[in-house]
Amino acid sequence: MVQTSPSGVRAGASTPEHDPPQQTPARISIRSVSKVFATKTQRTEALRDINLEVSAGETVSLIGRSGCGKSTLLRIMAGLLPPTEGNVLVSGQPLWNGTAVESGVLAQLGVVFQEPHLFPWFDIRDNIALPLKLRGVGKAERRRRATELAELVGLGDFLTSYPRELSGGMRQRVAIARALSRDPELLLMDEPFGALDALTREKMNLELQRITLATRATVVFVTHDIAEAVFIGDRVVQLTPRPGRIQSTVEVGLERPRPLDVQATEAFGTTVRALRHALEDEEQS
Amino acid sequence: MVQTSPSGVRAGASTPEHDPPQQTPARISIRSVSKVFATKTQRTEALRDINLEVSAGETVSLIGRSGCGKSTLLRIMAGLLPPTEGNVLVSGQPLWNGTAVESGVLAQLGVVFQEPHLFPWFDIRDNIALPLKLRGVGKAERRRRATELAELVGLGDFLTSYPRELSGGMRQRVAIARALSRDPELLLMDEPFGALDALTREKMNLELQRITLATRATVVFVTHDIAEAVFIGDRVVQLTPRPGRIQSTVEVGLERPRPLDVQATEAFGTTVRALRHALEDEEQS
Amino acid sequence: GTGSQAGGAGGAGGEGGSLGEVTYISFLPFETLSFAAEMLAMSAGHDAAHGIELGVEVARGTSPSLQAMIAGAGLVARCNTVDLAAARGQGQDVVNIGTIARGPAQRINFSRDRPITSAQDMVGMTIGIPSEGGSTENNLRLTLENAGVDSEQVNLQVVTDNPASWEMIQRGQIDGYISSPDQSFLLLDMQDSADAIVLGDLSPVISDRQYFVTTQQHLEEKPDQLRAFLASLQDAVTFMVDDADRTKTLEALRQENSFASLDNDSVARSALDVQVQNFVNDEEPDPLVTDEEIWLASIEELVETGRIEPVDAPESWMSNDLLGT
Amino acid sequence: MSSTRLGRLLPWIGAPLLIVVLCTVWEITVRALDVSILILPPPSLIAERLGELVQDPEIWRHAGITASEIIVGFLLAVVLGVLVGVLLGKVAWLEMTVRPIIVLLQVVPKVAFVPLFVIWFGFGMSSKVIIAAMLAFFPIMLNVLLGVKSIDPGHRDVMTALNAGRMQRFTNLDFRSVMPYLLAGMETGIVFAVIGAIVGEYLGGNEGLGYMVVRTLNQLDAPGLFGVVVLLAVLGLVLYGAVFILKRFLIPWHESVYSQQGTVA
Amino acid sequence: MSSTRLGRLLPWIGAPLLIVVLCTVWEITVRALDVSILILPPPSLIAERLGELVQDPEIWRHAGITASEIIVGFLLAVVLGVLVGVLLGKVAWLEMTVRPIIVLLQVVPKVAFVPLFVIWFGFGMSSKVIIAAMLAFFPIMLNVLLGVKSIDPGHRDVMTALNAGRMQRFTNLDFRSVMPYLLAGMETGIVFAVIGAIVGEYLGGNEGLGYMVVRTLNQLDAPGLFGVVVLLAVLGLVLYGAVFILKRFLIPWHESVYSQQGTVA
Ligand SMILES: Nc1ncnc2c1ncn2[C@@H]1O[C@H](COP(=O)(O)OP(=O)(O)OP(=O)(O)O)[C@@H](O)[C@H]1O
Ligand SMILES: Nc1ncnc2c1ncn2[C@@H]1O[C@H](COP(=O)(O)OP(=O)(O)OP(=O)(O)O)[C@@H](O)[C@H]1O
Ligand SMILES: [Mg+2]
Ligand SMILES: [Mg+2]
């Protein structure tokens with residue numbers, strides 16, 4: 001595994017036990033997390049010794065080959081899957097206590113899963129409003145907010161439709177609206193725009209940027225689109241597959257908010273190409 | 001709705017009832033197909049008066065905004081959803097007989113759905129080999145072929161895993177391998193590479209091109225990636241949403257097989273940009 | 001006709017030879033001394049002596065046993081006057097071909113704390129009966145009415161034919177319950193404070209009798225088997241009556257059977273005594289032979305008390321023709 | 001199938017039609033073979049007797065009692081079935097420990113415990129309610145258990161990520177997800193509650209249609225018996241129908257309900 | 001939960017332990033309250049009587065008969081339940097027509113039809129097999145029906161697109177998809193088959209453990225009664241256990257089986 005160091009890339013995997021001396025404690029910090037899936041026929045080392053710090057308000061993009069452990073890492077961060085080793089600190093508090101999760105640590109979480117996971121018994125509006133319902137927000141307010149969000153993701157006409165009546169991309173958008181509905185401080189998104197066409201995707205990218213900057217949300221964003229990763233992220237973290245390790249971390253030296261045409265700039269292109277090469281290098285090694 | 005006509009774009013929606021006089025009958029031809037979904041709360045006109053001819057060996061890419069009816073059209077072509085009006089002819093034979101499908105017409109079909117729809121009770125090898133099993137291919141031969149295909153999609157190590165043990169992208173690759181397993185003459189693919197990372201995606205694009213050229217398969221390929229649509233297709237058909245209509249058809253004037261670096265050529269870039277503009281125009285109209 | 005024409009009857013032997021299998025349908029599990037005569041006929045070989053092989057099928061209750069017999073699942077069943085009358089009332093051509101019990105045998109068990117010595121005692125009491133609408137209820141009500149008590153003043157409650165009924169007496173949930181002689185003697189044997197009285201001691205009821213019954217069709221088709229059945233039963237009854245201290249009867253019965261009331265010497269003897277008393281009755285003819293006058297009186301009693309509709313020619317419902325003398 | 005109109009009418013036409021056909025065949029067979037009315041009375045005779053029965057207010061009292069026993073027992077079974085099913089579905093070790101005991105309670109012949117029931121609950125309705133509840137409980141509980149275990153792990157994840165409380169999780173996910181299973185369990189359950197109440201009435205007491213069955217049986221009143229049986233069947237059908245119709249209101253989103261038009265396959 | 005080892009041992013430890021505890025409580029209560037042995041004999045006495053019972057070859061004959069009735073009836077119910085369930089699940093109009101008739105058959109008291117059973121099947125095992133099958137059929141059929149309707153439409157589409165034949169579709173999709181539902185139905189079904197066989201034996205005949213129950217009951221032999229009841233319970237448990245274990249072989253892929261480790265939630 002060659003440690004590529006293109007412009008702005010700092011080696012991640014080589015400094016496993018170093019806590020970078022920071023003033024503010026990291027919003028979320030992953031400490032030596034490993035995950036092994038063992039079934040009868042298969043033993044998969046999905047993650048090995050992952051260390052990552054995300055500070056408040058920062059957006060980190062996570063890229064890597066299919067099956068390299070991106071979703072697994074996100075699930076561990078969301079308190080859904082216990083790590084085999086290591087732990088996740090949220091605002092300095094350990095999230096995992098053995099295989100049990102310290103609920104409350106994750107109070108302000110928004111997750112977009114790789115699959116939409118909508119509830120077939122709720123219509124679109126109620127699906128979007130679910131997090132608010134759980135928070136005890138009143139019905140009228142819930143509906144108002146859900147309608148607003150549905151319009152944001154371009155589904156204003158489908159408020160009372162049921163999930164089975166939507167197309168794949170529409171479902172994904174409902175899931176995004178749901179995750180955004182309670183203004184999460186911490187947003188974990190697993191290929192949220194994967195099923196969207198180019199235009200919708202761009203629009204959603206801009207919206208996401210606007211919202212997260214406004215709410216100063218911390219975001220971990222999984223994508224398989226390198227350009228998207230660069231556009232969205234303050235940093236881009238690249239995982240290598242089996243075992244999943246951090247191969248490199250690229251700082252995107254571009255101010256946020258970024259307009260869409262930042263993608264035409266030289267700096268953007270360079271970063272994308274660097275990542276692209278890192279990915280190809282990994283392939284050959 | 002502005003009829004855009006960039007280089008090589010010929011108006012599709014404006015000539016609904018014209019059967020272009022062709023020598024060989026089209027492998028698949030869509031005749032005035034409309035589809036309306038009516039539920040208690042919603043009446044969605046998913047497709048209106050779609051006409052499209054795909055000749056044998058041709059690959060047609062289908063693009064359009066999320067929810068514009070791409071999957072619906074594919075499902076109608078696959079014999080899964082009866083059209084409200086119109087019909088589909090496969091090698092000249094009508095596919096739909098009212099709401100019943102003339103099975104047999106679709107004998108040599110391979111479908112990749114937008115979701116993988118793997119069978120949880122089969123392991124990866126058996127999932128891939130299912131079409132062969134249905135064809136009565138012997139067990140040894142089935143396994144050999146499935147192993148081959150699993151390696152093709154990069155899952156050689158996961159032959160005996162179960163679907164729930166795979167990542168999203170891996171599942172999608174299994175679904176692709178399954179569709180390819182019986183060398184279909186007609187291949188309908190709904191965003192097959194949507195959940196794959198850039199590199200895997202490119203590799204799969206090349207493989208798909210190789211296989212379809214070798215088998216002279218006819219392909220209809222839905223994607224939301226314009227570059228991919230151009231790379232894969234002999235033609236790119238663009239749908240507008242609600243009601244779904246063919247807005248434009250772009251002939252990609254590039255020889256197949258195409259190497260990956262065709263994407264750097266001027267012709268490729270022009271076509272992509274043309275389509276991109278068409279999409280944006282539609283947005284504004 | 002002869003036995004040889006009987007369909008389904010095992011070996012066709014003709015006169016004196018084998019008449020094959022005869023199926024008797026009992027209305028209770030067979031393991032009770034109420035069926036001592038049938039049981040003895042089998043275990044002492046009286047059936048074989050008359051060229052038949054007696055077999056038993058067990059139904060639960062009189063009605064199912066009659067239904068099974070009518071349907072041809074068996075040749076003979078046993079029932080009370082009121083059951084036979086009810087079946088006739090439904091247009092069934094069932095016929096009494098022999099009287100096997102000539103009086104009430106069922107007993108009311110009670111606790112010495114709240115003794116029942118007369119019908120009047122039972123006014124306001126709750127009495128457990130095994131099932132309602134059948135001959136037991138009918139006979140109890142008749143008994144009460146014949147003693148001048150309005151049967152509506154006695155509360156009848158269905159209880160399972162079950163040891164726990166005694167417990168209910170002790171808990172005051174019921175004041176007494178009707179059971180067969182076997183069970184009553186068993187109870188008395190087990191529980192010091194238990195006592196019992198025979199229904200017939202409360203007041204006489206003519207119609208509380210039991211008969212072997214068959215259908216007209218069986219009569220026509222298989223008279224030889226029926227004759228042989230009755231003959232073997234007569235033999236068994238005679239054997240029991242003659243066996244004054246019941247020792248030989250017990251010995252014979254125990255060769256092939258084992259159940260609580262039979263295994264307990266004193267209980268078994270008491271229960272057999274009751275049976276024997278019921279087989280013979282000083283004023284009546286030989287065992288099994290039906291006295292036509294009493295028969296008519298029985299029917300009359302049921303008609304008079306409104307239990308059945310008036311009937312024509314009840315004498316045609318009985319026959320002594322199959323009985324050897 | 002083709003027309004929705006016909007489809008909607010079918011349950012109201014098809015079944016009654018079939019019943020009429022069956023009854024006709026029955027009537028003809030019985031008369032042709034000259035079957036004894038004690039064994040199988042012809043429908044005409046049963047209908048006649050039924051006509052008399054329904055004019056007797058007494059029979060309605062009995063029917064009312066039986067209906068109450070069934071309903072109370074059934075509701076008890078639903079409540080317990082859901083509680084136990086959810087509990088066992090969530091707590092694996094409890095399931096392993098308690099399941100055999102529940103099976104045991106089920107297979108044990110109730111008749112052995114009737115005296116206990118009677119002693120504990122008296123002659124009245126309670127003991128029948130208990131038996132009805134016991135029989136109905138098992139299928140309901142097992143289906144709820146299957147339902148709880150079949151909850152989509154993805155949906156669970158959503159709720160966990162949303163930090164949903166136990167109760168919230170129950171009302172928004174578990175309850176709704178289990179609903180189709182519960183309703184299938186209830187369909188079995190109501191039928192077994194009917195059986196249970198009738199069996200209970202055979203075993204003791206002097207009220208209810210089950211008691212009427214025994215009574216008419218003992219009186220060798222076969223047409224009356226079948227008349228009561230018809231009443232019981234109607235009662236059972238009505239109660240079953242109620243549960244069946246519940247589905248349309250409770251799980252309109254489920255495949256088994258919304259796809260009544262029939263699929264192409 | 002925490003350790004898989006303990007988790008695997010639990011069914012073999014937990015339930016027996018609980019039974020021992022229950023029996024102890026029972027023994028102590030019965031002795032303390034001086035309950036009559038006629039009504040609820042103490043476990044020690046039952047155990048003693050049971051010891052005698054199991055040495056009697058006769059009881060094994062009865063048990064064998066009952067077991068055969070249950071098994072045959074159950075298998076019949078499974079076959080019919082699957083056939084009817086699949087058929088009704090696929091053909092909507094048939095479901096609407098036939099379902100009420102099936103419910104009717106279920107709620108109708110079996111006692112009314114005993115004479116018919118006897119005529120058609122005799123006093124022997126057949127009539128008990130029929131009753132066992134009738135009771136077991138319903139939950140199995142309904143669960144299969146639910147299962148057929150719950151087949152993932154996406155999976156159906158895959159099979160349709162692959163042009164699968166009716167039989168191929170059945171073996172590769174329907175059958176496997178319905179399996180968890182079928183097995184849950186079978187779990188209920190085997191229990192009701194046990195109940196059915198016993199009820200059948202109450203209603204007629206002179207063989208089987210159900211008959212032994214009636215017999216011991218009539219003989220005021222409470223410890224014997226409970227001894228037979230224990231045998232019946234064990235028989236029921238063993239049969240249920242067999243069905244339960246089937247799951248591990250037939251649906252290892254299903255959530256209810258592979259997730260025995262327990263989830264975090
Ligand atoms: N079963 C259904 N019932 C009702 N409406 C439906 C149904 N299926 C699809 N639709 C509607 O039809 C339209 C087209 O859906 P379709 O799935 O074909 O879109 P698509 O082009 O594939 O979108 P995507 O790129 O998001 O997958 C959508 O508006 C959708 O809401
Ligand atoms: N439940 C599981 N049991 C066994 N193995 C698993 C399980 N979940 C994931 N894995 C394995 O862990 C590895 C990482 O999976 P993960 O879903 O994290 O990949 P990913 O990076 O999200 O891929 P993709 O981009 O395709 O979604 C894969 O090799 C997968 O096979
Ligand atoms: Mg993933
Ligand atoms: Mg789609």
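Leaving aside neighbours within four places in sequence, which residues is T72(B) in contact with? The close-ups below start there; the model is predicted, local features need pLDDT of at least 70, side-chain atom pairs count only at pLDDT 80 or more, and totals for chains, interfaces and linings use all residues. Residues are numbered from 1 along each chain as its sequence is written, chains are lettered from A and ligands numbered from 1 in the order in which they are written, and side-chain values use heavy atoms, with hydrogens and water left out.

**View 1. T72(B) and its surroundings.** T72(B) is in contact (heavy atoms within 4.5 Å) with K35(B), F37(B), A46(B), L47(B) and L81(B), apart from neighbours within four places in sequence. T72(B) sits in helix α1 of chain B; helices (H or I, at least four residues) and strands (E, at least two) are DSSP runs, numbered from the N terminus. With 12% relative accessibility, T72(B) counts as buried (under 20% relative accessible area, with exposed over 50% and partly exposed in between; 1.4 Å probe, protein chains only).

**View 2. Ligand 1, a site shared between chains.** Residues from chains A and B surround ligand 1, so both chains share this site. S167(A), G67(B), S71(B), T72(B) and Q114(B) come nearest among the 20 residues around ligand 1 (one heavy atom within 4 Å). Look for the oxygen atom of ligand 1 that lies 2.8 Å from a side-chain N or O atom of S66(B), and for a backbone N or O atom of G169(A) 2.7 Å from an oxygen atom of ligand 1. The protein covers 89% of the 640 Å² of accessible area that ligand 1 has on its own (Shrake-Rupley method, 1.4 Å probe).

**View 3. Ligand 2, between chains A and B.** An N or O atom in the side chain of T72(A) is 2.5 Å from an oxygen atom of ligand 2, while a backbone N or O atom of K70(A) lies 2.7 Å from an oxygen atom of ligand 2. Of the 640 Å² that ligand 2 exposes when taken alone, the protein buries 89%.

**View 4. The magnesium ion (ligand 3) and its protein donors.** S71(A) (OG) and Q114(A) (OE1) lie 1.9 to 2.2 Å from the ion; donors are N, O and S atoms within 2.8 Å of the metal (3.2 Å for Na, K and Ca), and the site may look incomplete because water is not among the atoms. S71(A) belongs to helix α1 (residues 70–77) and Q114(A) to the loop between β9 (109–112) and α2 (124–134) of chain A, so the pair ties together parts 43 residues apart in sequence. Both S71(A) and Q114(A) are buried.

Conventions:
Polar contact = N/O pair within 3.5 Å; in protein donor to acceptor, adjacent residues only side chain to side chain.
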